[in-house]
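Biologist: Before I rely on any of the labels attached to this chain, I would like to see each one set against its rule. Could you take me through them one by one?

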Amino acid sequence: PPRARRPPPAPGGADPRRTQAPAFLPRSFLFYPSRSEQSEDRAFLADEVRHRRDGRSAWIVKPSTSNKGDGLRIFDDVDAVLAHVDAQPARAPPLVVQEYVARPLLLPGGIKFDLRVLALVDSALRGWVYDDLVVRMCSVPYDLDDLDDPFAHLTNHCIQVGSAAYGTTAPTNEMFADGLARFLDARAAAAGLTGPARAQSTLHE
């Protein structure tokens, strides 16, 4: 049966356990299947009502301890999100419920991508970032009307190798920073942008 939930806070109210994240980050909430009293369900429900557009919102749910895209799900219905959380075993790891970026920048052909940046932080909290980065791509065009297609939405390499279209967008569905720069330059030039404004406008689109 569904776990008991507290009602959302009154309009304008805030969950005192939450800290304010920068506005540019997707809104995120933690759910604890084994400790439902610590889940951020009240804040999630209030936020979903506050930000819903045209009666629809999209959320990606991620197990906090998995990798390789295992267990990732995307929903456009808050009741489906909560039902998915409730269906987890009592000892399941925490779940991250995060706003799905519904209008991402797309590569030619409508292909979704993400950036894999390699960084190293030592015990003294000194950080280094590798000069290059990897652009990981989906195999088929992005489609917000079909959230169940992992080959259109989830860029994880371990998922994309299962697509019949794998490798058709680029070898191993990957390219590096110089390839992304050429794409961004071409897109900005087509919009008539030049100089610093060109790079800034393209990256913040």
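Modeller: What follows is a set of questions about labels, each answered from a value and a definition. This is a predicted model, in which local features need pLDDT of at least 70 and side-chain atom pairs count only at pLDDT 80 or more, while totals for chains, interfaces and linings use all residues. Residues are numbered from 1 along each chain as its sequence is written, and side-chain values use heavy atoms, with hydrogens and water left out.

Biologist: How many helices and strands does the chain have, and what makes a run count as one?

Modeller: Six helices and seven strands are assigned, where helices (H or I, at least four residues) and strands (E, at least two) are DSSP runs numbered from the N terminus. Along the sequence they follow the pattern β-α-β-β-α-β-β-β-α-α-β-α-α.

Biologist: Why is H153 called buried?

Modeller: Buried means under 20% relative accessible area, exposed over 50%, and partly exposed in between, with a 1.4 Å probe and protein chains only. H153, in helix 3, has 2% relative accessibility and therefore counts as buried. Contact means heavy atoms within 4.5 Å, and, leaving aside neighbours within four places in sequence, H153 is in contact with residues including I74, Y100, K112 and C138. Of the 205 residues of the chain, 34% count as buried.

Biologist: Why is D149 classed as partly exposed?

Modeller: D149 has 21% relative accessibility, so the class is partly exposed. D149 sits in the loop between strand 6 (127-137) and helix 3 (150-153), and its C-alpha is 9.5 Å from that of I74, although the two are 75 residues apart in sequence.

Biologist: How do you know that there are zero disulfides?

Modeller: A disulfide is a pair of cysteine sulfur atoms within 2.5 Å, and by this rule the count comes to zero. As for individual cysteines, C138 is buried because its relative accessibility is 0%, whereas C158, at 44%, is partly exposed.

Biologist: What makes E99 and R27 a salt bridge?

Modeller: The rule asks for a side-chain nitrogen of Lys or Arg within 4 Å of a carboxyl oxygen of Asp or Glu, and the closest N and O atoms of E99 and R27 are 3.1 Å apart, which makes them a salt bridge. The pair links distant parts of the chain, with E99 in strand 4 (residues 95-99) and R27 in the segment before strand 1 (28-31), 72 residues apart. The count comes to four salt bridges, among them the one between D122 and R126 at 2.7 Å, N to O.

Biologist: Why are R182 and D178 said to be separated by about one helical turn?

Modeller: They are four residues apart in helix 5 (residues 177-190), so about one helical turn separates them. An α-helix has 3.6 residues a turn, so residues three or four places apart point the same way. The closest N and O atoms of R182 and D178 are 3.9 Å apart, and the two form a salt bridge. R182 counts as exposed because its relative accessibility is 57%, while D178, at 48%, counts as partly exposed.

Biologist: What makes D77 the cap at the N-terminal end of helix 2?

Modeller: A side-chain oxygen of D77 lies 3.1 Å from the backbone nitrogen of D79, and a polar contact is a pair of N or O atoms within 3.5 Å; within protein, one must be able to donate a hydrogen and the other to accept it, and residues adjacent in sequence count only if both atoms are side-chain atoms. Helix 2 (residues 78-86) has V78, V81, L82, H84, V85 and D86 as its buried residues.
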